[in-house]
Amino acid sequence: MDETSIVAREGGLHKDLTRGQVIMISLGGAIGTSLFLSSGIALGYAGPSVLVSYAIAGFIAVVMVFSLSEMAVVHPTAGSFGTYAEAYLNPWAGFVVRYTYWFAQVIATGFEAVASGIYMTWWFPGTPVWLWSLGFASIVLYVNSRSVGNFGTVEYWFALVKVMAIVLFIMLGAAKIFGLGFAPVGLQNLYQLPGGFFPHGVHGMWMAVILGVLSYSGIEVIAVTSGEVPDPTRTIPAALRTMAIRLFMFYVLALAVVAAVIPWTQTGGSVVVAQSPFVKVLAQTGIPNAAGIMNFVVVSAALSGMNTNVYLCSRMLFSLARGRYAPSFLGRLGKSGTPVAATLLSGACILMAAGVSKLTPRAYSYLQGVALFGALIVWMLILISHLSFRRVHKAADLPLRMPLFPVMQIAGLVLLGAVLVTLGLDADWNVSWMVGVPWLAMLTGAYFIWKRLGGPQTLAVSGVPATGTMFHD
């Protein structure tokens with residue numbers, strides 16, 4: 001099959017996202033509530049060495065997203081990494097990647113819906129969490145069922161709130177550290193506390209990498225948008241050009257401020273808004289209503305995460321339907337050029353995931369196990385797909401090239417594999433293997449049953465074979 005077939009199969013989406021929107025969407029995808037809330041858990045694991053942890057996780061994320069975007073520029077399509085896995089590896093890989101990613105994003109969005117409701121009770125105590133969650137979910141589904149340009153505009157402003165909050169936080173923190181208008185606290189907390197820079201050794205630093213990888217999850221949205229921008233060969237590289245430095249600033253510098261201003265022994269384990277390490281730093285600057293300000297930022301971050309995740313979910317289902325791995329009605333587009341049916345079905349599943357999370361914390365931890373395990377598998381298959389992609393395409397012919405190929409990809413795969421093994425060996429995280437492995441086995445069984453029933457032959461798209469590799473030398 002020629003290389004235009006993959007784009008034609010998933011055609012019809014309106015190319016209404018602007019360059020500025022893609023840049024902000026990509027930033028928003030990499031900045032989740034975990035930065036504001038779960039960073040306290042990472043600090044508890046690693047202490048000041050959390051800076052190394054997030055730098056390692058950031059390296060993995062940058063390698064992954066550059067490799068993915070190199071493919072996205074050549075093949076701008078909504079299915080993105082799922083379609084590339086099908087194209088350059090095999091149909092099973094594309095099937096597993098897309099369904100795993102869709103389910104992981106459904107779970108993540110369900111969590112964000114519940115979290116946003118909990119955050120709102122800070123201002124409106126006594127109101128039902130489910131009411132806020134349902135209301136926010138309805139708003140996000142409405143936004144995503146309209147034109148993609150409308151989605152881009154809303155997400156642009158959501159992301160801008162997060163970006164401005166982080167920039168202001170870093171500026172205030174730096175002023176506090178170096179005594180610009182405040183009594184200087186210096187950098188002593190980074191190395192003078194018990195245990196020094198590595199209070200829990202290399203093991204603690206490495207465990208925080210897990211949270212770092214989870215924090216960066218979502219950055220892959222930049223490749224999914226490639227099917228809905230007018231000129232991906234210019235827009236995607238522009239969005240990537242300063243991605244590494246922005247990730248460094250937004251994560252490593254922000255965490256450096258937290259670790260320098262607040263002793264890490266007082267930040268570990270913060271999991272709620274009122275105890276966020278970011279709130280504690282703002283409180284030390286003397287800003288009135290610091291907790292309320294941070295609550296507003298975290299609500300915005302949760303809504304941004306929901307908005308982006310619904311977008312990702314709908315495009316994965318749309319891609320599966322166009323590849324005939326899901327019911328055909330999910331591949332149909334509304335008048336605004338968006339997959340409305342895929343959006344609404346994803347929304348229904350998101351509300352179910354939110355409901356499960358309220359039944360028992362243990363039930364939700366098992367769902368999170370699938371999401372965590374799935375995120376690592378997806379990132380690894382992206383890098384493996386890229387290695388195969390480069391065997392087909394010469395570097396000189398590519399409009400966007402990942403430097404130091406294939407050393408960077410191999411290093412990324414080794415680090416991701418090490419994180420995956422760590423999850424299986426650690427008592428706090430091995431639930432991801434306990435649920436993730438059966439999930440992959442179930443998907444594999446479903447794929448081969450579908451194949452045995454004649455799916456590849458009877459469900460082929462007109463003019464497009466449904467089996468075999470999508471490209472050839």
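Buried means under 20% relative accessible area, exposed over 50%, and partly exposed in between, with a 1.4 Å probe and protein chains only. Keep that handy for the exercises below.

The model here is predicted, so local features need pLDDT of at least 70, side-chain atom pairs count only at pLDDT 80 or more, and totals for chains, interfaces and linings use all residues. Residues are numbered from 1 along each chain as its sequence is written, and side-chain values use heavy atoms, with hydrogens and water left out.

**Exercise 1. Describe S80 and its helix: is S80 buried or exposed?**

Step 1: S80 sits in helix α6.

Step 2: Look at the accessibility. S80 has a relative accessible area of 0%, so it is buried.

Step 3: Check the backbone. Phi of S80 is near 45°, which is a positive value in a residue other than glycine.

Step 4: Nine of the nine residues of α6 are buried; among them are F81, Y84 and E86.

**Exercise 2. Work out how α6 is oriented against α5 and against α7.**

Step 1: Start with the conventions. Axes are lines fitted to C-alpha atoms, for helices over the stretch in contact, and angles run from 0 to 180 degrees between N-to-C directions. Angles under 35 degrees count as roughly parallel, over 145 as roughly antiparallel, 65 to 115 as roughly perpendicular and the rest as oblique.

Step 2: Take α5 (residues 50–74) and α6 (residues 80–88), whose axes come within 10 Å and cross at roughly 80°. So α5 is roughly perpendicular to α6.

Step 3: List who meets whom. From α5 come L68, M71 and A72, and they meet S80, F81 and Y84 of α6. Sorted by class, this contact of α5 with α6 has five nonpolar, one polar and no charged residues. (Ala, Val, Leu, Ile, Met, Phe, Trp, Tyr, Cys and Pro count as nonpolar, Asp, Glu, Lys and Arg as charged, and the others, Gly among them, as polar.)

Step 4: Move on to α7. The axes of α6 and α7 are 6 Å apart and the packing angle is about 165°. Therefore α6 is roughly antiparallel to α7.

Step 5: Name the residues. F81, G82, T83, A85 and E86 of α6 meet P91, A93, G94, V97, R98 and Y101 of α7. The class tally for α6 with α7 is six nonpolar, three polar and two charged residues.

**Exercise 3. Characterise the pair α2 and α9: at what angle do the axes cross?**

Step 1: The axes of α2 (residues 19–30) and α9 (residues 148–178) come within 8 Å and cross at roughly 55°. The two helices are therefore oblique to each other.

Step 2: Pick out the contact. On the α2 side are G20, Q21, M24, I25, L27 and G28, while the α9 side includes F151, Y156 and L160. In classes, α2 with α9 gives eight nonpolar, six polar and two charged residues.

Step 3: Follow α9 to its end. Just after α9, G179 has a positive phi of about 75°.

**Exercise 4. Find the surroundings of Q105: what does it contact?**

Step 1: Q105 belongs to helix α7 (residues 91–120), and Q105 is buried at 6% relative accessible area.

Step 2: Set aside neighbours within four places in sequence. Q105 is then in contact with E220, N309, L312 and C313.

Note on methods:
Helices (H or I, at least four residues) and strands (E, at least two) are DSSP runs, numbered from the N terminus. Contact means heavy atoms within 4.5 Å.
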